[in-house]
Amino acid sequence: MADPRSGGSLRYSQDVAVEGMWHARIVRSPYAHARVVSIDGSALPENTVLLTPDDVADLSMYGCQIRDEAVLSRGEARFVGDPVAVVAAPTRRLADAALALVEVDYEELPAVFGIEDAVADGAVLVHERHHVSENDAAYFGIRPVDGSNVCHRFRIRHGDVEAGFAQADVVVEETFTTDGAAHVPMEPHATLARWTDDGRLEVWSGTQTPFNVRMDLAAIFGVDQSRVRVVCPPMGGSFGAKTFVRLEGLAAATARKAGRPIKMVLDRAEEWQTLNRHPSRITVRLGAKADGTLVAKTVTCHADTGAYADCGPGVAQKMGFAAPGPYRIPNVHVDSHCVYTNAPPNGAYRGYGQMQSIWASERTMDIMADRLGIDPLELRLKNLLREGDAYATGEVMHDVAFEECLRNAAEAIGWNEGREGKGLCVLMKGMQTPSRASVAVDALEDGTYRVRCATVEMGQGARYAIRTMAAELLGVGVDDVSFPDPDTDVSPYDTRTTSSRSTHMMSRALVEAVRNLREDGRTGVGEVADQGGLDPDTGQGIASSHWHQGAAGAVVEVDEETGSMKVRHVHASVYAGKVVVRAAAELQNEGSIIMGLGTSLFESIDFADGQVMNANLSDYNVPSITDLPRITHDLVEREGAPVHGLGETALPPIPAAIGNALQSFGIRPRSLPMTPERILDAIDERDAQAGTRELEAAE
Amino acid sequence: MNCTLHLNGTETALGVDGKDMLLNVLRDEVGLTSVRGTCGIGLCGTCTVIVDGQTTASCILPVGLADGKEVTTIEGVPSDDPVKVAFEKANAFQCGYCTPGMILTARAFLDENPDPTDDEIAEALAGNICRCGCYVKIADAVRLAAGMLRDEKVAA
């Protein structure tokens with residue numbers, strides 16, 4: 001059977017169409033912070049609908065973690081691109097034309113940009129107060145700091161860091177930054193909303209979070225969740241971009257006013273105004289004894305979440321709890337903050353904040369190795385967490401594979417044959433915890449089976465993996481198991497398709513579902529729930545019911561005249577436990593590596609006063625086939641091990657592996673991406689320091 | 001204007017605004033959702049179709065300029081075409097959104113260069129972005145397809 005992807009017949013979220021639908025476009029603020037004084041739609045032709053803040057005054061505030069968003073922002077725009085009105089017309093072309101006819105008057109207000117300004121005394125406040133959301137994505141004890149731009153702060157308090165640093169022979173302290181980045185899914189955000197005659201809201205949307213979207217839509221419109229239906233057709237990529245409410249509230253509100261279904265598909269430039277990756281600033285202080293034993297670590301993280309929190313508090317928390325790294329360190333303090341600015345919102349992005357803190361922490365490891373005169377591989381091996389060790393959160397590590405992954409990466413890049421131009425990184429990455437997954441398996445009259453499951457397909461191959469696992473349990477061929485589009489009316493509850501959790505969680509839920517099906521004969525439901533969570537004030541508890549583990553190695557060359565770097569080879573080693581579909585697992589590894597190369601080398605959102613200056617694929621570059629070095633990878637499997645998620649693990653270690661390869665030349669990059677300009681600065685810094693040392697020696 | 005496309009071997013008469021982009025006409029008027037937009041400025045290769053033998057970015061081609069021309073979309077490539085088969089065999093896609101443009105580009109390229117080097121394959125596909133990052137297997141697929149096409153020729 002031909003694959004619908006090669007024949008072009010797969011239909012995505014943007015291809016959904018229903019009778020009588022109109023197309024809508026969003027009128028967006030050109031200011032980073034402004035009050036909407038007036039909206040004039042008098043130039044609009046007949047056969048158009050204009051949605052203004054007056055039309056949505058009855059709707060409730062929403063937000064998956066902080067309730068800080070209103071449909072159309074209640075007349076106060078907080079970033080360049082904040083929706084202030086919507087126009088709808090019978091065709092997309094007419095809607096485009098109508099968009100230009102809406103006149104909006106603004107009163108510009110003071111705005112705040114960048115982490116430093118946002119946390120400064122007397123900073124402009126993006127929101128006066130921070131109300132924690134009722135959505136089940138706000139489960140982890142969010143700690144907003146009222147009267148500031150901090151909407152969540154998370155802490156780990158483990159041991160006594162002062163006493164730890166007092167034992168250290170060497171202490172290094174460095175500050176690292178990462179720029180904002182765009183997800184660039186090939187298919188833009190697309191949503192269709194309609195109200196049925198009996199007053200139910202139906203939404204077809206490319207989203208990774210159907211149940212969270214249902215919860216927030218029910219809250220916005222003040223209806224029971226059972227009055228809202230969310231259906232998720234396949235997506236042409238997402239990488240975190242299509243999470244939580246994006247277009248769904250706007251489309252539903254416009255459909256309510258228009259009295260007809262409304263379809264919204266974003267223009268490419270609007271993607272940069274919809275959701276991006278958190279810029280970050282991370283300071284690491286690390287203490288070690290002369291023999292390389294790590295004794296103390298403090299990490300301070302700031303994540304710029306833009307004008308609306310979205311899941312930024314969760315991102316800051318994961319950034320924080322990944323920061324200790326996969327090492328035995330007896331004394332660790334982490335302080336992680338999620339900070340508002342007048343930038344477009346930042347949210348989930350493949351790796352969910354962990355790339356940023358892994359970059360900072362793993363670069364610090366190589367700086368420490370350099371100071372100690374110890375091989376960076378040896379320093380890591382000496383301190384790695386092993387089976388039965390406790391992490392900084394107090395949780396005991398099981399099914400540990402850090403050493404195997406790290407050794408594989410080192411071997412693949414020929415670490416023992418000289419280490420000039422080579423770098424390593426090892427990582428641990430959390431999975432959504434607590435979380436719950438349920439799945440139903442139905443025996444159909446024609447002898448085949450149907451899986452009802454809310455895991456969405458965005459290219460990661462989850463549907464095929466879940467069908468494969470179900471078929472194995474049922475003892476049938478995979479073609480005898482169907483998996484219709486997730487639909488909150490019929491698919492049982494699942495937390496969401498994020499954090500590489502779906503294949504792992506569903507592998508367990510399916511066992512029970514198939515067992516129950518055998519008993520019932522017609523249908524079986526299985527459910528698994530992983531408990532856990534951290535005390536937000538001490539960081540003690542279970543950060544992750546299941547840790548993703550991996551490592552990477554990189555080989556680079558650099559032209560010291562121009563700062564241009566050539567990555568020759570990248571290898572990623574990922575702990576898979578058990579591989580379900582080999583080709584899909586390989587593709588997830590390769591795709592993560594390639595996305596990590598973009599993050600390492602050139603992907604950066606360029607802002608000027610809150611305006612994205614490179615919101616197109618000419619000025620914002622993503623990796624093409626000609627940007628690839630030699631790419632290799634391996635999937636570590638173990639007899640009897642559970643299925644581990646693989647969707648992200650190979651991305652976070654790539655930047656630090658490349659940065660550490662530069663460090664082998666004495667070049668110390670601290671900011672991502674590592675552009676030629678930044679590499680030249682780091683070369684100058686190295687040479688200036690060498691000059692100072694020579695002068696000191698001469699004196 | 002009245003515009004006639006020789007679309008996948010069938011004469012297709014359309015009453016359209018000649019300034020409308022071919023991408024939108026194929027999607028909205030003809031209903032070919034295999035033709036997909038991403039960048040909107042002719043750079044990413046997703047919306048690629050073949051117009052009179054040339055790979056063309058349909059998102060920036062006014063349909064009036066395609067009047068009377070042969071237009072091939074992925075539907076015009078038979079399902080047993082070696083390039084399609086090779087993409088499936090090599091698992092050269094994830095979300096599949098860029099795949100039609102990728103296959104059409106590879107198809108046109110292999111017609112011109114039946115025995116490409118790895119560098120030539122990369123150069124030929126440099127203008128086709130796959131954000132899922134399937135490039136390693138896409139290159140495998142093009143190599144595989146080249147071999148299959150050469151074998152076909154030998155057999156013929």
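**Entry 1: A:Gly666.** I started by counting 14 C-beta neighbours inside 10 Å of A:Gly666, so this residue is partly exposed. My burial scale places C-beta atoms from the backbone and calls a residue buried if 20 or more other C-beta atoms lie within 10 Å of its own, exposed if 12 or fewer, and partly exposed in between. I am working on a predicted model, where local features need pLDDT of at least 70 and side-chain atom pairs count only at pLDDT 80 or more, while totals for chains, interfaces and linings use all residues. Residues are numbered from 1 along each chain as its sequence is written, and chains are lettered from A and ligands numbered from 1 in the order in which they are written.

I found A:Gly666 in the loop between helix H15 (653–663) and strand S30 (671–672) of chain A. Helices (H or I, at least four residues) and strands (E, at least two) are DSSP runs, numbered from the N terminus.

**Entry 2: B:Gly64.** I then turned to a glycine of chain B, in the loop between strand S4 (54–57) and strand S5 (70–72). B:Gly64 has 14 other C-beta atoms within 10 Å and is therefore partly exposed. Its C-alpha atom is 8.8 Å from that of B:Asn2, which is 62 residues away along the chain. Leaving out residues up to four places away in sequence, I see B:Gly64 touching B:Met1, B:Cys3, B:Gly18 and B:Lys19. Contact here means C-beta atoms, placed from the backbone, within 7 Å.

Entry 3: Most residues other than glycine have a negative phi, and most peptide bonds are trans. I looked for departures.

- A:Thr433 and A:Pro434 are joined by a cis peptide bond with omega about -5 degrees, and A:Pro434 is in the loop between strand S18 (422–429) and strand S19 (435–443) of chain A.
- The bond from A:Leu672 to A:Pro673 is also cis, omega near -5 degrees, and A:Pro673 is in the loop between S30 and helix H16 (676–698) of chain A.
- A:Tyr352 has a positive phi, near 50 degrees, and is in the loop between strand S17 (346–347) and H9 of chain A. I count it as buried because 29 other C-beta atoms lie within 10 Å.
- A:Ser500 has a positive phi as well, near 55 degrees, in the loop between strand S21 (481–482) and H13 of chain A. With 26 C-beta neighbours inside 10 Å, I count A:Ser500 as buried.

**Entry 4: two helix pairs in chain A.** I took H12 (residues 462–474) with H13 (residues 502–520): their axes come within 10 Å and cross at roughly 30 degrees. Axes are lines fitted to C-alpha atoms, for helices over the stretch in contact, and angles run from 0 to 180 degrees between N-to-C directions. H12(A) and H13(A) are therefore roughly parallel. Angles under 35 degrees count as roughly parallel, over 145 as roughly antiparallel, 65 to 115 as roughly perpendicular and the rest as oblique. Among the residues making the contact are A:Ile466, A:Met469 and A:Ala470 of H12(A), and A:Met506, A:Leu510 and A:Val514 of H13(A). I sorted the contact residues into eleven nonpolar, three polar and no charged. Ala, Val, Leu, Ile, Met, Phe, Trp, Tyr, Cys and Pro count as nonpolar, Asp, Glu, Lys and Arg as charged, and the others, Gly among them, as polar.

My other pair is H9 (residues 354–372) and H10 (residues 376–383), with axes within 9 Å and a crossing of roughly 110 degrees. That makes the two helices roughly perpendicular. A:Met365, A:Asp366, A:Met368, A:Ala369 and A:Leu372 of H9(A) meet A:Pro376, A:Leu379 and A:Arg380 of H10(A). Here I find six nonpolar, no polar and two charged residues.

**Entry 5: the core.** The largest nonpolar core has 273 residues, and A:Val87 and A:Ala470 have the most contacts inside it. Such a core is a set of buried Ala, Val, Leu, Ile, Met, Phe, Trp, Tyr and Cys residues joined through C-beta atoms within 7 Å.

**Entry 6: chain B.** In H1 (residues 22–29) of chain B I find six of the eight residues buried, so the helix is largely enclosed by the rest of the structure. Its buried residues pack against strand S2 (10–15) and strand S3 (48–51) of chain B. Where does chain B meet chain A? I count 39 residues of chain B in contact with 40 of chain A. H2 (82–89), H3 (99–112), H4 (118–124) and H5 (135–155) of chain B each give two or more residues to that side, and H5(B) gives the largest share, five residues.

Note on methods. Contact = placed C-beta atoms within 7 Å.
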